[in-house]
Amino acid sequence: MPVVSVRDLAVSISRGGGRFRAVDGVAFAVDAGRTLALVGESGCGKTMTALAMLRLVPPVARIEGGEVILRDRDLLRLSEREMQDVRGGDLGIIFQEPLTALNPVYTVGEQVAEGLRRHLGLRPREAWSRAVEQLQEVGIPNAARRAHEYPHQLSGGMRQRAMIAAAVACRPALLLADEPTTALDVSVQAHILDLLRRLQAERDMALLLITHDLGVVAEMADEVAVMYAGHIVERAPAPALFGRPAHPYTRGLLATVPRLTAEARPPRLPSIGGAVPDLAHLPDACGFLARCPEAGEACRQSIPLAEIEPGHWARCVCATEGAE
Amino acid sequence: MSALLEVCNLEKRFGPVRAVDGVSFTVDAGEVLALVGESGCGKSTTGRCLLRLIEPSAGEVRFQGEDVLQLRGRGLREWRRHAQIVFQDPFSSLDPRMTAGQMIGEPLYVHRLCGRQEIDGRVAELLERVGLTAADGRRYPHEFSGGQRQRVAIARALATGPQLVVADEPVAALDVSVQAQIINLMQDLQQHTGVAYLFISHNLALVSHLADRVAVMYLGRIVELAPHEALFRAPRHPYTEALIASIPVPDPTQRAERRLLAGEVPDARHIPAGCRFHPRCPHAFERCRAQEPPLLDCGSGQHAACWLVEADTQAR
């Protein structure tokens, strides 16, 4: 049974007197010890999906429906008080920018210990020593001393390690990581990805990784869900998604990622024409219609997500026809 | 042939921080030189110093033989006509109260490059050249997407017909699908106008698509400078090697055990003695701890600040 399963999640945002769907009919599940990557460009709804799962959507947004089942409890039906026990307890969170996510007026040790006191009911002294152990486990050298430091005293990489320590201290069943390495340099990123993989393997944690970086996805994910304009447009095991991408958007996205080349005259980078559509004026059609090189008449209707091979789903008329 | 731009021992200190610590390179006319490195390595500061957006602490910058650091008043303004900049964030680099047309027209007016009557025509031409329309000139920055804003910033930079454009992470704030559009545009413009780019970036994979030569910076200094092919095929500095190895490859069948770089970039207030990379270097030996290597010639235009280069040359 999956650790978390999201079904038909919908979030709307109000803007200029109107409301539009920022997340629409999103569904996925993650098993223990597995990683699902939620991929897409800015504004595609991936972060809003995460915030809805945490019940932390901003005031302009509203969860319209769906289910977020974490170990047989629907998070969308819990009271705020119960939800507070879930966040940082069964559900660990890592945000992109550790400098804003960590509280600047508490030491990193206090911020890790706080969760241990609250969720596991440890006494302060015990919580502190467990916090130091946890900081050590995520690779912070001299953890006993560094635990007394404030976030601004740590480097970007060390700060992200401290945030990971706080997120996993209470042994969550699901770790939700929203762009965990985007603010970091590549050499630091590699260490943080290694750390996440190690922690996940040791603790059999489910990991929901939200990112725009397909390199990170290829490195980490068992399964990938690609989002575009509020919908999941393709979902597949990582080898299938990278090897046989079915949706034209996925193919475009994979083609545009610059790969290291030593060729003296590398070919031009392929690009996707146009820009991401404004969600407030999305026609009742495939959301990728305006940018799709393969679009036809059949695309001018709302397209369902269809299974094109076992475990491989795409929201595209052409991909579905090809499979039949 | 002499270089378009020569930078010699450029230094910039911010109090105890040696942000740029003796950087030398040249840029030829029509060339793309990429300046790459991780955050805090001094690459952006270098770009800003040579345009004199901030004043360097020491060193020399020559443009077509003229000493840029001695320029004042009219001479400095003239220099800015020849050397322009495109910043990373098109949300903060464009004035929200000006239309695209006003922003692109302003440099033409300031430098008196055309008469008032001709400005609108020139602006329309520039807008079309960067893939926008003349009508877009009446729109304000908030009406554009990120990619379109960066097109406006590029049109503004090209308005004066510069010979050098410093592009400081011009696509880092954009989504990947839009990144490629902007890179292709910059390449087209270069072929069309013959402008040289100093392309500042942290993204080696991206740089490998457009640079003629690459300079890798670490802690305020260039540690390797080489033609594109040599740098990516056979890097000579262990830092370059590590940087290339740490780029995640978008292919799950190629998940490799990567050799990770030990430790972190040290604080620029306490630059290690000897080779500044030695505390993290897997090959460091006695000499690296004592003596800082200069950029050593590895042949065919490749230079690396590493004592191993000398050891290799002697072995041959």
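Predicted model: local features only at pLDDT ≥ 70, side-chain atom pairs only at ≥ 80, totals over all residues.
**Entry 1: confidence**

I looked up the scores before reading any detail. The predictor gives the complex an ipTM of 0.84 and a pTM of 0.90. For chain B the average pLDDT is 93, and 98% of the residues score at least 70. I then asked where in chain B confidence is lowest and where it is highest. It is lowest in helix α11 (residues 307-315), at a mean of 85. Strand β3 (residues 32-36) of chain B has the highest, at 98.

**Entry 2: the strands around β1 of chain A**

Strand β1 (residues 4-15) of chain A runs antiparallel to strand β2 (residues 18-30), and nine bridges join them. As one example, I noted that A:I13 has A:F20 as its bridge partner in β2(A). Strand β1 of chain A also pairs with strand β4 (residues 61-70) of chain A, again in the antiparallel sense, over eight bridges. Here I picked A:S12, whose bridge partner in β4(A) is A:R62. I wrote down one general point for reading such strands: in a regular strand the side chains alternate between the two faces of the sheet.

A:R71 has phi near 45° and is not a glycine. I located A:R71 in the loop between β4 and β5 (73-74) of chain A. A:A229 is also not a glycine, and its phi is about 50°.

A:R71 has 14 of them and is partly exposed. A:A229 has 23 and is buried, because the cut-off for buried is 20 or more.

**Entry 3: chain B as a whole**

I listed 11 helices and 12 strands in chain B. The C-alpha atoms of chain B fill a box of roughly 70 × 50 × 40 Å along the principal axes. I compared the radius of gyration with the rule for a compact globule: 316 residues would give a value near 20 Å, and the 21 Å of chain B agrees. Buried residues make up 49% of the chain. Of the contacts in chain B between residues at least 6 apart in sequence, 63% join residues at least 24 apart.

**Entry 4: helix α4 of chain B**

Helix α4 (residues 116-129) of chain B has 14 residues and spans 21 Å from its first C-alpha to its last, close to the expected 20 Å. Which residues of α4(B) are buried? I found B:V123, B:L126 and B:L127. They sit on the same side of α4(B), because they cover an arc of only 100° around the axis. The general rule is that an α-helix has 3.6 residues a turn, so residues three or four places apart point the same way.

The buried residues of α4(B) pack against α3 (100-110) and α5 (146-158) of chain B. On the face turned away from the buried side I found the exposed residues B:Q117, B:E118 and B:G121. After the helix comes B:G131, with a positive phi near 85°.

Key: Residues numbered from 1 in each chain as written. Chains lettered and ligands numbered in written order. pLDDT = per-residue confidence, 0-100. Helix = DSSP H or I, 4+ residues; strand = E, 2+ residues; numbered from the N terminus. Pairing = 2+ DSSP bridges. Rg over C-alpha atoms; globule rule 2.2 N^0.38 Å. Buried ≥ 20, exposed ≤ 12 C-beta atoms within 10 Å, placed from the backbone. Contact = placed C-beta atoms within 7 Å. Expected span 1.5 Å × (residues − 1). Arc of directions from axis to C-beta.
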